[in-house]
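The sequence and the coordinates are shown first.

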Amino acid sequence: METTERSLRLLIREMAQFDPNATPEGQDSSRIFRIAADMCRELGDRQILIREFQSSAPRGYNYVTTEGIAERGRMALRYKQEPVYREFIDRLASRWGLGSVVYCASIGGRVAPGMFGSEHIVLPASPYKVIWSEEVGDSGSWLNGELVGTLRVPRSSEEVPAAIESYTEGWPPNSMKLAEAILDTAGYYLIGREWAADTFQRMARFTRRPPPRAAGPVVSSRKREEEEIMKKYGKPMPTREYKASLKDEMMAARTYSELLPYFEWMQEELRG
């Protein structure tokens with residue numbers, strides 16, 4: 001445990017600077033996992049929402065303050081440059097009472113996971129609202145229009161009102177895989193999904209207390225990768241069996257309640 005503590009303390013304390021509520025005595029290695037455990041306990045059996053970010057280095061933990069309905073980056077640029085997109089977001093915010101627009105996806109909802117960067121677990125840190133539309137799906141793609149032959153026909157202003165009314169307020173049902181769910185909150189925490197699972201697996205090597213295990217069977221990531229390669233090249237499926245790792249088990253979580261035992265265990269181990 002001491003080895004794990006030394007390896008994690010500097011990283012987590014560095015990340016804690018993004019948390020405006022952190023205090024010097026609270027910036028210990030177990031704080032990040034206590035926050036995650038508390039929020040997972042509150043969110044319960046709801047499916048996990050994720051955000052993807054490009055980064056040249058593994059991103060462990062962050063706190064994000066929202067900046068109104070025109071978010072940072074490419075979406076803010078699109079809001080400024082495209083009148084139909086701006087109209088859509090303005091009307092969406094007005095109809096559903098949004099103070100901010102944070103684009104998330106339900107876990108497993110991306111057609112190509114990781115397209116926009118590594119996956120991060122989203123944990124709302126203040127009162128929040130979630131809206132989603134099965135009809136619209138991803139608003140950016142919907143606004144790009146439909147393919148007619150080889151041409152893409154952009155959406156017109158006349159199509160926007162019906163799209164706005166197709167949204168539903170509330171956390172998306174667990175059975176639904178959404179490429180987009182819009183979160184409205186003043187601030188939220190992000191925890192790198194793979195980073196957390198890697199950390200859990202590393203910690204389990206240095207502790208004697210048994211780590212939590214997945215409730216059901218989990219397929220090894222190595223087996224999945226091998227099967228994807230075989231499918232791509234049209235070869236027979238591999239018969240070799242791989243044992244799922246502890247990391248695979250944590251990565252298999254689909255709801256916040258399924259993540260909770262892992263964050264509780266990590267918090268307790270680092271608190272000693």
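## Overall fold

The model is predicted. Its chain contains ten helices and ten strands, and of its 272 residues 47% are buried. Among the contacts between residues at least 6 apart in sequence, 82% join residues at least 24 apart.

## The eight-stranded sheet

Eight strands form an open sheet with antiparallel pairing, in the order S2-S10-S4-S1-S3-S9-S5-S8. At its edges stand strand S2 (61-65) and strand S8 (168-169); each has a single partner strand, so one side of each is left without a neighbour in the sheet.

Several pairings within this order can be described by their bridges, as listed here.

| Strand pair | Sense | Bridges |
|---|---|---|
| S1 (residues 49-53) and S4 (residues 118-124) | antiparallel | four bridges |
| S1 and S3 | antiparallel | two bridges |
| S3 (residues 102-106) and S9 | antiparallel | three bridges |
| S5 (residues 128-132) and S9 (residues 181-185) | antiparallel | four bridges |

Leu49 stands opposite Ser106 in S3. On S9, Leu183 is the bridge partner of Val102, while Thr185 lies opposite Tyr128 and Asp184 lies opposite Lys129.

How many residues of S9 are buried? Five of its five residues are buried, and the strand is mostly covered. In a regular strand the side chains alternate between the two faces of the sheet. In S9, Ala181, Leu183 and Thr185 point one way, whereas Ile182 and Asp184 point the other way. The residues on both sides are buried, the charged Asp184 among them. Strand S1 is also largely enclosed by the rest of the structure, because four of its five residues are buried.

## Nonpolar cores

In soluble globular proteins, nonpolar side chains tend to be buried together. The largest nonpolar core of this model has 49 residues, of which Leu123, Ile191, Met250, Tyr256, Leu259, Phe263 and Met266 touch the most other members. Which residues does Tyr256 touch, not counting those up to four places away in sequence? They are Cys40, Leu43, Gly44, Arg46, Gln47, Ile48, Leu49, Ile121, Val122, Leu123 and Trp171. One of them, Leu123, is also among the core members with the most such neighbours.

Glu249 is found in helix H9. Is this residue buried or exposed? Its relative accessible area is 9%, which is under the 20% limit, so Glu249 counts as buried. Apart from neighbours within four places in sequence, Glu249 is in contact with Arg213, Ala214, Val218 and Tyr262.

## Pocket and cavities

The second largest pocket has a volume of about 530 Å³. It is lined by 14 residues, and those closest to its centre are Ser221, Arg224, Glu228, Asp248 and Met251. Helix H7 (193-204), helix H8 (221-232) and helix H9 (246-251) each supply at least two residues of this lining. The largest share, four residues, comes from H8. By class, the lining of this pocket divides into five nonpolar, one polar and eight charged residues.

The model has two cavities of 30 Å³ or more. The largest cavity has a volume of about 40 Å³. Its lining consists of Ile48, Ile121, Arg193, Ala196, Met250, Met251, Ala253 and Leu259, with H7 and H9 as the elements that give two or more residues. How many charged residues belong to the lining of the largest cavity? There is one, alongside seven nonpolar and no polar residues.

Met251 lines the largest cavity and is among the residues closest to the centre of the second largest pocket. Met250 and Leu259 line the largest cavity, and both belong to the residues that touch the most other members of the largest nonpolar core. Ile48 and Ile121, which also line the largest cavity, are among the residues in contact with Tyr256.

How values were computed:
Residues numbered from 1 in each chain as written. Predicted model: local features only at pLDDT ≥ 70, side-chain atom pairs only at ≥ 80, totals over all residues. Heavy atoms only, no water. Core = buried A, V, L, I, M, F, W, Y, C linked by side-chain atoms within 4.5 Å. Buried < 20%, exposed > 50% of the residue type's maximum accessible area, 1.4 Å probe, protein only. Contact = heavy atoms within 4.5 Å. 1 Å grid on protein atoms, 1.4 Å probe; cavity = no way out; pocket = protein on both sides within 12 Å on 5 of 7 lines; lining within 4 Å. Points joined across faces, edges and corners; volume = space filled by probe spheres on them. Pairing = 2+ DSSP bridges.
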